[in-house]
Amino acid sequence: MEIIILILAGILFATAIYNLLQKQLLRIIIGTVLLSHGAHLVILTMGKLKRGNPPILDDAVTTYTDPLPQALILTSIVISFGITSLLLVLSYRTAKENNTDNMEEMRGETNE
Amino acid sequence: MIFAVFLPLLFAIIVPFLSKAKHKIHTGIFVVFIPLAIFLYFIRFIGDDFTPLQQTYNWIPSLGINFDFYLDGLSLLFVLLISGIGTLVVFYSIYYLHVSEKLGHFYVYLLMFMTAMLGVVLSDNVYLLYTFWELTSISSFLLIGFWNHRERSRYGAQKSMLITIFGGLSMLGGLILLSIITETTSIRMMIEQVDTILTSNYLPLILVLILLGAFTKSAQFPFHIWLPDAMEAPTPVSAYLHSATMVKAGIYLIARFSPIFSTYEWFFIIVSIVGIVTMIWASYMAVRQTDLKGILAFSTVSQLGMIMAMLGFGTEAAIFAAVFHILNHATFKGSLFMIAGIIDHETGTRDIRKLGGLLTLMPISATLALFGTFSMAGVPLPFLNGFYSKELFFDATLDLEQSGGSFISFLSEAIPYLAVFASIFTFVYSMYLFFGVFTGPKKLELLPKKPHEAPIGMLLSPIVLVLGVIVIGLFPNLLNGSLLTHAAQAVNQAVELEHVHFWHGFVPALYMSLIVVIIGLILFLTRKKWSNIYHVLPGKFSFNKVYDKGIEKLDTYSTSVTNSYMTGSLKLYMSIILAVILLATFFVMYATDGFVLKTDNLADINLIDLAVVFIMVLAAIATIFVHNKLALIIITGIVGFGISILFVIFRAPDLALTQLVVETISMALFLLAYYHLPELRKIKDTAKTTTLNTILAVGIGTLITMVGIAAHSSNWFATISDYFVETSYKLGGGHNIVNVILVDMRGLDTLFEITVLGIAALAIYGLIKVRKNKEAE
């Protein structure tokens with residue numbers, strides 16, 4: 001199962017990178033979203049999958065899945081959510097101000 | 001001694017205050033006492049029974065960098081030159097520089113230079129030497145660019161800076177190597193370990209690096225090009241820095257290190273050849289110049305080449321002659337620069353084509369120049385010191401050792417002829433300088449000012465120097481025992497007390513001198529006829545052009561290199577970053593044989609799991625091909641919700657919950673932005689970019705999978721999670737382990753994650769609400 005999940009993470013990364021390398025802002029944001037999904041899956045897989053019960057203490061249970069990666073991912077989900085929402089608003093403002101959402105047309109002031 | 005070295009620098013602090021009153025008293029009047037005091041302090045050391053003096057003050061003892069000062073004969077000679085000529089130059093500058101000039105700046109730079117130069121010649125510590133060495137470069141840069149409103153001054157200053165700093169840094173490399181090999185920072189300790197250095201593998205590198213430092217500083221071929229351009233400096237500066245002191249720093253360096261290198265044959269070959277070539281080329285080029293200071297600059301280069309060559313010979317006679325000539329050159333060249341300055345000051349031009357017949361108008365200057373130029377030419381008269389050093393030079397060229405390889409003996413054979421050849425041109429330009437300015441028809445209509453004799457104060461300094469020329473000329477042995485022999489012994493211990501005679505009898509050196517005078521006279525008189533040769537030999541070629549083109553090309557090439565990748569396109573930067581990550585990680589994986597695949601410890605697979613994964617894969621791939629933004633958002637949502645299902649399958653209830661909520665809110669946000677963002681278009685990429693993007697994307701994807709599998713398959717140590725499981729209730733008082741970790745065991749993470757959310761919220765608020773440009777809305 002771990003290998004399948006890692007392959008899925010690889011595919012998520014690949015599609016994320018492909019989207020990141022596009023020119024439109026929305027696609028780039030979608031790329032970052034996919035990238036964080038991929039990263040979360042990799043973190044989870046590193047702590048082994050499906051070994052024991054959910055990490056909620058119960059006297060009847062002796063083995064639990066690794067709680068540490070879960071805590072890390074929980075933090076990460078919240079942070080990437082914050083970033084995604086900021087990016088969305090930022091891209092909305094950028095597109096408004098510059099009348100374009102094409103990254104290739106946004107090059108700032110040319111030097112000299 | 002340390003006080004003597006730093007006295008000028010300390011005094012420089014109060015110079016700006018003194019210069020406030022410059023209209024009442026010329027600032028130079030205060031300054032002149034400083035070098036005078038130093039001169040008087042050091043002149044006490046002259047004597048037959050001179051013994052070296054050493055003083056040490058701590059600076060950075062843990063690194064072996066200290067104020068180690070060491071006064072031996074060589075240092076003493078230089079110290080006296082620096083302080084003595086410094087006094088004269090400051091005195092001269094009082095009359096030369098008008099009070100309307102920025103005198104405060106001038107004297108601060110000059111005093112800075114004085115400290116630096118004293119430091120260079122007195123340092124025994126290589127790092128201290130380097131510190132002062134660079135300080136001379138910097139103060140020289142400031143002095144050359146003193147009239148910084150002039151384009152040529154700035155050009156000259158920059159050029160000298162680039163060339164001498166290049167050499168200085170090379171020298172630092174050499175010094176560091178030396179101090180690593182010998183495990184000491186003291187030059188004297190290094191000299192004691194000659195054998196260690198001479199058997200080191202790094203010897204050629206050390207030699208080249210140190211010689212680069214010396215050659216650039218002392219304007220040796222082909223680094224001489226900065227010196228003629230440094231003539232844009234005020235004349236006192238040219239007289240002081242660019243004839244008597246700074247340009248001899250390289251000479252000093254070679255002399256100081258020659259006990260280490262002198263037995264190494266390449267030292268002889270390189271230094272002698274460079275010296276001789278410099279001497280010939282510069283004396284040849286000097287005849288072509290039309291600017292008085294230009295002639296003097298090339299003449300300085302040529303004379304420095306001569307001293308350098310003698311240091312390269314390394315024989316006892318040659319070392320003594322070199323030391324002797326250092327003193328002589330400082331006297332006559334200093335006076336000639338000052339006279340050139342006087343002529344400039346009194347006639348308004350330094351162009352030799354406009355000058356002529358000044359003999360009757362400026363008789364004192366003419367007399368002084370007569371002694372200076374004739375001494376420089378080496379005219380055989382018993383009251384000119386230049387003649388003695390030239391004789392000694394010829395002597396030295398004749399008694400070179402013929403041993404060594406065939407190349408060395410060939411070189412030894414050739415050197416006397418080359419020396420005579422160079423001396424002929426020296427004779428020609430000296431005569432040209434004197435007779436061109438002071439005899440011939442008067443061209444008063446060409447001169448901006450009506451020429452007349454300079455004030456006595458201005459003439460005093462050159463008079464003192466010319467007196468030096470005559471005194472040494474009349475009594476050539478005056479300083480031998482007390483100063484020069486000690487100096488020469490510092491370079492080569494075998495040197496014995498020598499007596500210089502005007503008349504040796506009919507020896508080869510005398511014939512060589514006569515040949516020089518006769519051919520020189522013929523060439524001088526027929527100068528107009530053969531001067532066309534300059535169209536042939538340097539012709540259009542010059543080292544300045546090489547330098548200028550080099551600087552220009554460096555600029556254009558570096559700009560074009562930078563522009564080639566700093567295009568302003570984020571996409572390109574992204575591609576470069578990803579490509580580097582990809583290549584580097586694959587390389588490391590390949591090189592360390594890092595890929596591991598173990599299948600013995602895997603979780604089982606259900607059909608439902610597979611179905612979820614399959615749908616997610618489809619959705620992820622579809623994001624690339626969908627060109628409708630609503631569809632794109634929904635498809636991304638599928639991936640997100642798929643993740644939360646996976647979290648359920650993998651027994652992470654908190655994660656599943658959070659992911660579900662966050663994904664929902666994200667969807668809502670995307671849909672909110674949906675209204676405002678422009679519709680997705682198909683932006684056609686070239687096939688090449690698409691391929692490149694695909695390669696990068698697939699590459700990174702594969703990389704992540706491979707790294708993940710390799711990491712998963714190699715289990716280095718047990719998890720620490722058992723501790724969390726055990727103590728979650730005991731210490732944290734909670735049953736939900738993940739939550740206990742988040743708020744108790746690793747609560748700091750959570751605190752800052754909350755901060756992140758807060759900052760994001762504030763930023764979003766700011767982005768929406770705050771408008772810098774009110775009218776835009």
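**View 1. Helix α18(B) and its buried residues.** In α18(B), the buried residues are B:N385, B:G386, B:F387, B:Y388, B:S389, B:K390, B:E391, B:L392, B:F393, B:F394, B:A396 and B:T397. Buried here means under 20% relative accessible area, while exposed is over 50% and partly exposed is in between, using a 1.4 Å probe on protein chains only. That makes twelve of 14 residues buried, so α18(B) is largely enclosed by the rest of the structure. The helix covers residues 385–398 of chain B and reaches 20 Å from its first C-alpha to its last, close to the 20 Å expected at 1.5 Å a residue. That expected span is 1.5 Å times one less than the number of residues. Helices (H or I, at least four residues) and strands (E, at least two) are DSSP runs, numbered from the N terminus.

A quick note on the model: it is predicted, so local features need pLDDT of at least 70 and side-chain atom pairs count only at pLDDT 80 or more, while totals for chains, interfaces and linings use all residues. Residues are numbered from 1 along each chain as its sequence is written, chains are lettered from A and ligands numbered from 1 in the order in which they are written, and side-chain values use heavy atoms, with hydrogens and water left out.

**View 2. B:Q220 in its loop.** B:Q220 lies between α10 (203–217) and α11 (226–229) of chain B, and is buried at a relative accessible area of 0%. Its side chain makes a polar contact with the side chain of B:T278, at 3.2 Å. A polar contact is a pair of N or O atoms within 3.5 Å; within protein, one must be able to donate a hydrogen and the other to accept it, and residues adjacent in sequence count only if both atoms are side-chain atoms. Leaving aside neighbours within four places in sequence, B:Q220 is in contact (heavy atoms within 4.5 Å) with residues including B:F215, B:V274, B:V301 and B:M308.

**View 3. B:N480 in helix α21.** B:N480 belongs to α21 (residues 480–491) of chain B and counts as buried at 1% relative accessibility. B:E498 sits 18 residues away in sequence, with 7.1 Å between the two C-alphas. B:E498 is also one of the residues that B:N480 touches, along with B:F320, B:T485, B:L497, B:H499 and B:V500, not counting residues up to four places away in sequence.

**View 4. The largest pocket.** This pocket holds about 690 Å³ of space. On a 1 Å grid over the protein atoms alone, a pocket is an open set of points with protein on both sides within 12 Å along at least five of seven lines, a cavity is a set where a 1.4 Å probe fits but cannot get out, and lining residues have an atom within 4 Å of a point. Grid points are joined across faces, edges and corners, and a volume is the space filled by probe spheres set on the points. Of the 25 lining residues, A:M46, A:G47, A:D66, B:A718 and B:T719 lie nearest the centre. The largest share of the lining, four residues, comes from α3(A).

View 5. The largest cavity has a volume of about 120 Å³, and its lining includes A:H37, A:H40, B:Q659 and B:E663. The second largest cavity, at about 90 Å³, is lined by residues including B:L292, B:I339, B:T373 and B:F438.
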